[in-house]
Amino acid sequence: MAGTRAERIDEPLRRVARLCAAMLFLLLAHVTVVQAFGSRELNADHRNVRPLIARFEHPRGDILTYEGTPIAVSRPTGGGPYLYRRVYRDGELYAAVTGHMSLYRSTGIEQAQDEVLSGEDPKVKVRSLVRDGAVEGADVRLTISERVQRTAYQELGATGLPGAVVAINPATGAILALATYPTYDPNTLTTFDSGLLLETSRLLRRDPSRPLLNRALNRLYPPGSTFKLVTAAAALASGEYTPTTLVDAPVRLRLPGTPMVLQNAGGGGCGKERPTLTDAFHVSCNTVFANLGLQLGQDLLRDQAEAFGFNAPNLTIPLAATASRYPLAMDRAQTALSAIGHHDSRVTPLMVAMLSAAVANNGILMKPYLVEEVRLADGSVIDRAGPSVYRKAVSPTLAKSLASMMTMAPRAGKSAAGPKAAGPKAAGPKVAGSKVAAGIVMSEVIPGTDDHALVTAFAPADAPEVAVGVVLERPGTRADTVTAIARAVIEAALR
């Protein structure tokens, strides 16, 4: 009788126990799911300040120039809850590279190298814990040359025009300068006053000059006459042309299937009815190169453009660069226009520099990069850049021919070529009064138009050490300034 009664009492207890076990299981399962799958969402919630406090509870690594000068450092705030604040030396000068780290987001190298700078990278974390017992960030030394970067930025700023400059070491791909104008001061975005931060961000986003835009990497421009370097390469690679081949240079060229007639600047010719390809390149004759486009066809032009890096997605340096593009499908008239850098072709200033870099390096385009090395606070290097091939743009023999064609370009004076609305110019200025020549192909801008001015160059001519790409937006009568900027940047790189 007693056993029966005990069984009646035990049954409800067993049910309660099973229910409690099930609830405990569900609770543990929910906690596991939250920790495993929901932590990122919770950490990203702007109402959750704990990740923000943790983000600034220890100093990040420094960002340094190639020479070793710190340009982004962490400084104590003197009180909580945020213990360290990011400070940028010469903020506007380096903003296109460093970006900024604010309460809610990061850009530039601050974002691309966040795990290394914060110390969360496994290699950095393990070594810092073993050495000091605490997590600390590693320093990132860039390839940016202080002298070249300062020259690039100051030359852009002196014009007061939007634009960008990129300078590359052709042999390695190391980026010596990456400047954009107008820009912003990253220090204005490192405040911990959320109201002030949101207002500053709003003003910068609404600024019509777009200071937050990295024009060097993420703004696309019509390539203009700089694309004639690609067209010349395609012509030479076809085997049907050499630098001394005579080519037709009509005063007017009717575009197939359209009533449109392409004219040279001023409605004139290109000096000769049948100049050599080199002569046509020197005066940047539009009718010659448009006709070459018709003869070669869009497929050959596209293949050559892609060999230089057009249409290539996911280029990171480690900052993400917008892909330069060459159209995927065109009629014959559009193909002719694309051969002179018109129609829908678009380039970034980075690509403009890469064109010359490939030619200067015997046809081999090295992958551009910004980070030279990563090192711990004790100076030990845990990662160092290894230059790598990005594209084989042209053969060494062809590159030598293109380099010769660029270097022999005239020093100054208007070319005889160009469309009626935007004639091109070729120039090869001397550098610092020496015998070192820089090969340049540039788009000239006719006053009253909205065209941009672009230049691509390398120097020295016989043993290149630097390749540059410069873009100025709508310079009007000051189009020649783009050549002066290129010359100044080259001089700074060669000093």
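**Around the core**

Mentor: Start with Leu 142, which, apart from neighbours within four places in sequence, is in contact with Ile 63, Leu 64, Thr 65, Tyr 66, Ile 71, Val 97, Ile 109, Leu 370, Val 371 and Glu 372. Contact means heavy atoms within 4.5 Å.

Trainee: Where do these coordinates come from?
Mentor: This is a predicted model, where local features need pLDDT of at least 70 and side-chain atom pairs count only at pLDDT 80 or more, while totals for chains, interfaces and linings use all residues. Residues are numbered from 1 along each chain as its sequence is written, and side-chain values use heavy atoms, with hydrogens and water left out.

Trainee: Which residues touch the most other members of the largest nonpolar core?
Mentor: Ile 109, Leu 142, Leu 178, Phe 289, Phe 308, Phe 310 and Leu 402, out of 131 residues in that core. A nonpolar core here is a set of buried Ala, Val, Leu, Ile, Met, Phe, Trp, Tyr and Cys residues joined through side-chain atoms within 4.5 Å.

Trainee: And which element gives the most to it?
Mentor: H15, with ten residues.

Trainee: How much of the chain is buried?
Mentor: Of its 495 residues, 51% count as buried. Buried means under 20% relative accessible area, exposed over 50%, and partly exposed in between, with a 1.4 Å probe and protein chains only.

Trainee: How many helices and strands are there?
Mentor: The chain has 17 helices and 18 strands. Both are DSSP runs numbered from the N terminus: helices are H or I with at least four residues, strands are E with at least two.

Trainee: New topic. Is Gln 149 buried or exposed?
Mentor: Buried, with a relative accessible area of 0%. Gln 149 lies in helix H7, residues 146–159.

Trainee: What does Gln 149 touch?
Mentor: Leu 93, Tyr 94, Ile 144, Leu 176, Ala 177, Leu 178 and Ala 179, not counting residues up to four places away in sequence.

Trainee: How do H3 and H7 sit relative to each other?
Mentor: The axes of helix H3 (residues 91–98) and H7 come within 10 Å and cross at roughly 105 degrees. H3 and H7 are therefore roughly perpendicular. Axes are lines fitted to C-alpha atoms, for helices over the stretch in contact, with angles from 0 to 180 degrees between N-to-C directions. Under 35 degrees counts as roughly parallel, over 145 as roughly antiparallel, 65 to 115 as roughly perpendicular, and the rest as oblique.

Trainee: Which residues make the contact?
Mentor: On H3, Glu 92, Leu 93 and Tyr 94; on H7, Glu 146, Gln 149, Arg 150 and Tyr 153.

Trainee: On to sheets. What is the strand order in the six-stranded one?
Mentor: E3-E2-E1-E4-E12-E13, an open sheet with mixed pairing. The edge strands, E3 (84–88) and E13 (381–384), each pair on one side only. Two strands pair if DSSP finds at least two bridges between them.

Trainee: How do E12 and E13 pair?
Mentor: Antiparallel, over three bridges, with E12 spanning residues 371–375. Arg 375 has Val 381 in E13 as its bridge partner.

Trainee: How many residues of E18 are buried?
Mentor: Seven of its seven, across residues 466–472. Val 466, Val 468, Val 470 and Leu 472 point one way, and Ala 467, Gly 469 and Val 471 the other.

Trainee: Which strands pair with E18?
Mentor: E5 (residues 163–168) pairs antiparallel with E18 over six bridges. E17 (residues 453–459) also runs antiparallel to E18, joined by seven bridges. A hairpin links E17 to E18 through six residues.

Trainee: Where are the cis peptide bonds you know of?
Mentor: One runs from Tyr 181 to Pro 182, with omega near -5 degrees. Pro 182 is in the loop between strand E6 (175–181) and helix H8 (194–206). Another runs from Ile 317 to Pro 318, with omega near 10 degrees.

Trainee: What is the phi of Arg 210?
Mentor: Near 55 degrees, a positive value in a residue other than glycine. Most residues other than glycine have a negative phi. Arg 210 is partly exposed, at 44% relative accessibility.
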